[in-house]
Amino acid sequence: MTPYGGSMPEEGISYEDFWRHQTGRRRAVQKTIDGVAEKLARLAPSDRVLEIGAGTGHALRHLAEKRPDLRFVGLDNDPKMLTYARRNVGNLAHVELCLADGRERLPFADRSFQAVFSEHTFHHMDDLRRTAAEIARVLVPHGLLVVIDLDRRRPVSRVFGACYPLLRAAGVRRPILEAAYISLRRTRPRDELRQLFADAGFVGSPQPGRRMDLIWTLRKTPRVFSEQSFCPVCPSPATSRPK
Ligand SMILES: C[S@@+](CC[C@H](N)C(=O)[O-])C[C@H]1O[C@@H](n2cnc3c(N)ncnc32)[C@H](O)[C@@H]1O
């Protein structure tokens, strides 16, 4: 069970409660996803896009409606979240959902996606090294990776991180704030992510997004598809080298 999936057990917040308070967040996510859509502008019809951590399918639906010419796969490791996602994208023929763990070997062939994106999911994962290597494996050369997550360095994050425990102590408990606080604490520092992406063979930089968000726009570099350095943590590197 993940914090956003079925429930947030440590806080006793059900997913329904959480999402009921999310109108503002939904709008913010849509604006952010509009930005992702712009980054996909150069993709050709029938190109494939993977979302890691499809969650409710909200972002996926928004993007898929903007780009009906592309093919989308939404991956999540929580069956309950995929049930929600199915409600959102089930009627879109160009969107598939997939139950799989983003920390393990992804159930896709090498170079089978032109773009991968992930929205507020990386902070859920404990082993990002393997995730980054797997994303590199399934992306085509020069493929696009967009990662949206929180940023602990933003002034708004710092103020929120310092003030929320005080509000909490004073009895203020709102699902959206709880979730943001837990997520912020789990989010890796920017420098750690920069190193992680570089080690996996991506180049690119982060830009501030809305509120506490940071948006990484990265490209898989030629280094990743050279003989030696391909997918260093996959169980059988030979099978993941480019053919
Ligand atoms: C904040 S939600 C993503 C929101 C999503 N973009 C949306 O539009 O609803 C994070 C998602 O990541 C999923 N997740 C967490 N750890 C994961 C993992 N190791 N592999 C795949 N999905 C994971 C959770 O189940 C959750 O649905």
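This is a predicted model: local features need pLDDT of at least 70, side-chain atom pairs count only at pLDDT 80 or more; totals for chains, interfaces and linings use all residues.
Visitor: At roughly what angle do the axes of helix 6 and helix 7 cross?

Guide: Helix 7 covers residues 175-186, and its axis comes within 10 Å of the helix 6 axis. An angle of 65 to 115 degrees counts as roughly perpendicular, and helix 6 passes helix 7 in a left-handed crossing. The angle for this pair is roughly 110°.

Visitor: Okay, and where does helix 6 bend?

Guide: Helix 6 runs over residues 155-169 and reaches 22 Å from its first C-alpha to its last, close to the 21 Å expected. Still, there's a bend of about 30° in helix 6, with Pro-165 following within four residues of the spot. The bend sits at Cys-163.

Visitor: How are helix 3 and helix 4 arranged, roughly parallel or roughly perpendicular?

Guide: Their axes lie 9 Å apart and the packing angle is about 25°. Angles under 35 degrees count as roughly parallel. The crossing is right-handed, and with that angle helix 3 is, relative to helix 4, roughly parallel.

Visitor: Which class supplies 11 residues of the shell around the ligand?

Guide: The ligand is surrounded by 23 residues, and Gly-53, Gly-55, Thr-56, Ala-59 and Gly-102 are the closest. Helix 3 (58-66) and strand 4 (71-76) each supply at least two residues of that shell. Gly counts as polar here. Seven shell residues are nonpolar and five are charged, while the class with 11 is polar.

How values were computed. Residues are numbered from 1 along each chain as its sequence is written. The expected span of a helix is 1.5 Å times one less than its number of residues. The bend at a residue is the angle between axes fitted to the seven residues ending there and the seven starting there. A residue is near a molecule or strand if its C-beta atom, placed from the backbone, lies within 6 Å of it. Axes are lines fitted to C-alpha atoms, for helices over the stretch in contact, and angles run from 0 to 180 degrees between N-to-C directions. Angles under 35 degrees count as roughly parallel, over 145 as roughly antiparallel, 65 to 115 as roughly perpendicular and the rest as oblique. A crossing is left-handed if the near helix is turned anticlockwise from the far one by less than a right angle, and right-handed if clockwise.
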